[in-house]
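Subject: the model you asked for

Hi,

Here is the structure, with the sequence alongside.

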Protein chains: 2
Amino acid sequence: MQIDGIRLATAAAAVKYQARDDVLLIEAEQGTQIAGIFTQSSFCAAPVQICRANLKEHDANELTYLLVNAGNANAGTGEQGLIAANEISKKLSQLQNVSNQQIFPFSTGVIGEPLPVTKIIGVLPNLVDKLAADNWSHAANAIMTTDTYPKVSKTSFEHQGKLFTVQGIAKGVGMICPNMATLLSFMATDIKISPLLLQKCLQDVANSTFNCITIDGDTSTNDSLILLATGKANNHEITTMEDELYSKFYAAVHKVALELAHLVVRDGEGATKFITINVKQGFSTDECRKVAYAIAHSPLVKTAFYAEDANWGRILMAIGKAGVSDLDARKVSLFFGDLCIAENGKRADSYDEDKATKLLKNKDIDITVNLGRGDAETTVWTCDFSHEYVSINASYRS
Amino acid sequence: MQIDGIRLATAAAAVKYQARDDVLLIEAEQGTQIAGIFTQSSFCAAPVQICRANLKEHDANELTYLLVNAGNANAGTGEQGLIAANEISKKLSQLQNVSNQQIFPFSTGVIGEPLPVTKIIGVLPNLVDKLAADNWSHAANAIMTTDTYPKVSKTSFEHQGKLFTVQGIAKGVGMICPNMATLLSFMATDIKISPLLLQKCLQDVANSTFNCITIDGDTSTNDSLILLATGKANNHEITTMEDELYSKFYAAVHKVALELAHLVVRDGEGATKFITINVKQGFSTDECRKVAYAIAHSPLVKTAFYAEDANWGRILMAIGKAGVSDLDARKVSLFFGDLCIAENGKRADSYDEDKATKLLKNKDIDITVNLGRGDAETTVWTCDFSHEYVSINASYRS
């Protein structure tokens, strides 16, 4: 798996983890456009602040570098955090003879601790030497924190006899309630597209993929989603949404992003279930999202799913607390898959606890809430809440 | 412990629990005023709907009854739930020869299952026979669900040679993020006060006590907080906040309510810590509450407290996701007790991990966040998040 114009390398800097690669360098050739979306946290990390600024100054005529470390978030580190990230970027820009603003830093890990600058600078020459087009799988491994497996996705499509590819990697898997993107995800494509349209594409895709997942309701300080477009596969640059190629491209980016987002949820800290929450017949998408997230964030709903207990009353509770004004409980219905659980705001006459319990034994569970007050709908994906979640997060720093 | 004008009785109806009292009857003499505050859930339970209606029709010239059951919430039960509760009320009103609207029903327990009407009606004669003034402690026991101990509080004060008493009971201890009151709490006093002022007093007290606690961020369908005033201790009825007696009375109600609210948090499902979250220097009380609840609801913060791990970066994360617009992270500071953990949005120069860790070994933990942008402040109380929480809620129905 590779993208023409992109090379990658990983190295072990012992930022936090020992005996594994924990730093990733991605290089994009001249001509590459970059789009990025970042956390909306008020406490956004130093690298996020730098990426935002660099995005405005980016020059597609120079090489572009993404430098990522796992194990330390470089967040809650104040001015010192910016100095640390800039020191590393400066070293890399000197090594590769590019401008400072071409270096995009990313960090993920423990918040509040100083970034070990010397360790990361120490592996830069080695990273540069090892850059290769087929290192995507190593890359996906090097950015993991509490993830239990690497997350990669790829798709290709044809247009007028030419082949285009979109692929990406992501990492989770705690502090996941993206308010722009998941912790870290890097996607790349060989299409030629204007930077404005690339950014619009990424934002639209994120809104129906990464921005529709949650594991624990906690939004990271470091969420970053990047899409690189090297332009190697075509000569004609797409500049408008009306371009025939755009809709094919959009579908491909959406497919890869959705698959990565789902992989993050499936690997949610301690997760044993993958839960799809559909909310339909809402007055607005906004209220559908409120209801979906009230369910997805309820510890009582999540522990019931973990227990495979058809305690669906807790879902009604979550709908009730979602803050939808003037909701008429008597019009609300609830389904597990196609099985009607509740209708008219109460247990369905046809309710069958054995059937409901059997459905909950599946790893993948679909629930649908009909609000009975309009045509809006939305879907959110989440996981359950297990003992293992507590174990992981009671020991993550150690 | 007793209140002149109030009698109580408990009985075992096997609503869900076996071999323990699970139904409570409270009788208030003629002349008693009643105030009540209820859940804001759109899925509020049948008894809550009936209580709200009865409150408007209540006649202080008749006897007043509160009838409570534990083990079944009678929520998510639609029209059938109203019929069930009314059937029981009607039986009691016939037995005691009072109007229907004098019977206030309360339920707590599993949501969505039909209320076992016959079982509850079966114990009514026995309840009526056993009514006695000194049954408060039995009452506190009979309303428990996942609570590990009964919650009672009492205080007295003197005014112009007369003694006044306020006392109450409460139960929790999951699905606790009161948006009006905790699951169930019944308070009583012997003061004579107008119904309007009694309601105002209860609302004001709830806003700084029960409405400032959270265990898991889930708001119950059944939250009900009741204050009965029998008027036995004085002849003069308080009708205005300017009355000298009112401020003493308000302080007493506040003291009892705060103690009950704290007892609920200390007994939070699986809780090992009692955490006080102070947010200061906010622009508005509203934004202070947003920050306090973002911290109090974060599973990552709560598991770190459980682990006694000074992973304070997670608190910065929670502040960051709270949705305070234009928050300047560089002005934020964080304290554990008097120990400065972070200042200017980053680790304090004086930070001492050993001292921080030592503080977290206490059962009671105080944290203070200064937002550095105004004079508003608030306090919220919560608990940690343990393996035991998952165990309790993965097996609650069984």
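First, a term that comes up throughout: a residue is called buried under 20% relative accessible area, exposed over 50%, and partly exposed in between, using a 1.4 Å probe and protein chains only. By that rule A19(B), at 86% relative accessibility, is exposed. A19(B) sits in the loop between β1 (6–11) and β2 (23–28) of chain B, and its phi is near 55°, a positive value in a residue other than glycine. For context, most residues other than glycine have a negative phi.

Some housekeeping. This is a predicted model, in which local features need pLDDT of at least 70 and side-chain atom pairs count only at pLDDT 80 or more, while totals for chains, interfaces and linings use all residues. Residues are numbered from 1 along each chain as its sequence is written, chains are lettered from A and ligands numbered from 1 in the order in which they are written, and side-chain values use heavy atoms, with hydrogens and water left out. Helices (H or I, at least four residues) and strands (E, at least two) are DSSP runs, numbered from the N terminus.

**How the two chains sit together**

What about charge pairs? The count between chain A and chain B is 0 salt bridges, a salt bridge being a side-chain nitrogen of Lys or Arg within 4 Å of a carboxyl oxygen of Asp or Glu. Across the interface there are 6 residue pairs in polar contact, both residues being at pLDDT 80 or more. A polar contact is a pair of N or O atoms within 3.5 Å; within protein, one must be able to donate a hydrogen and the other to accept it, and residues adjacent in sequence count only if both atoms are side-chain atoms.

In the loop between α8 and α9 of chain A you will find A307(A), which is partly exposed at 26%.

**Salt bridges elsewhere**

Over all chains, the structure holds 22 salt bridges. One of them joins the side chains of R7(A) and E27(A), at 3.0 Å from N to O. R7(A) is in strand β1 and E27(A) in strand β2 of chain A, so the pair ties together parts 20 residues apart in sequence. R7(A) is partly exposed at 34%, whereas E27(A) is buried at 6%. In chain B, E27(B) and R7(B) also meet in a salt bridge, at 3.0 Å.

Another joins D204(B) and K200(B), at 2.7 Å from N to O. These two are 4 residues apart in helix α5 (residues 195–207) of chain B, which means they are separated by about one helical turn. There is also a network of salt bridges linking D147(A), K151(A) and D267(A).

Helix α6 (residues 244–266) of chain A has 23 residues and spans 34 Å from its first C-alpha to its last, close to the 33 Å expected; the expected span is 1.5 Å times one less than the number of residues. Its N-terminal end is capped by D243(A), with a side-chain oxygen 2.9 Å from the backbone nitrogen of L245(A). The buried residues of α6(A) include L245(A), F249(A), V256(A) and L260(A).

Finally, N344(A), in the loop between β12 (339–343) and β13 of chain A, has a positive phi near 55°. N344(A) is partly exposed, at 48%.

Cheers
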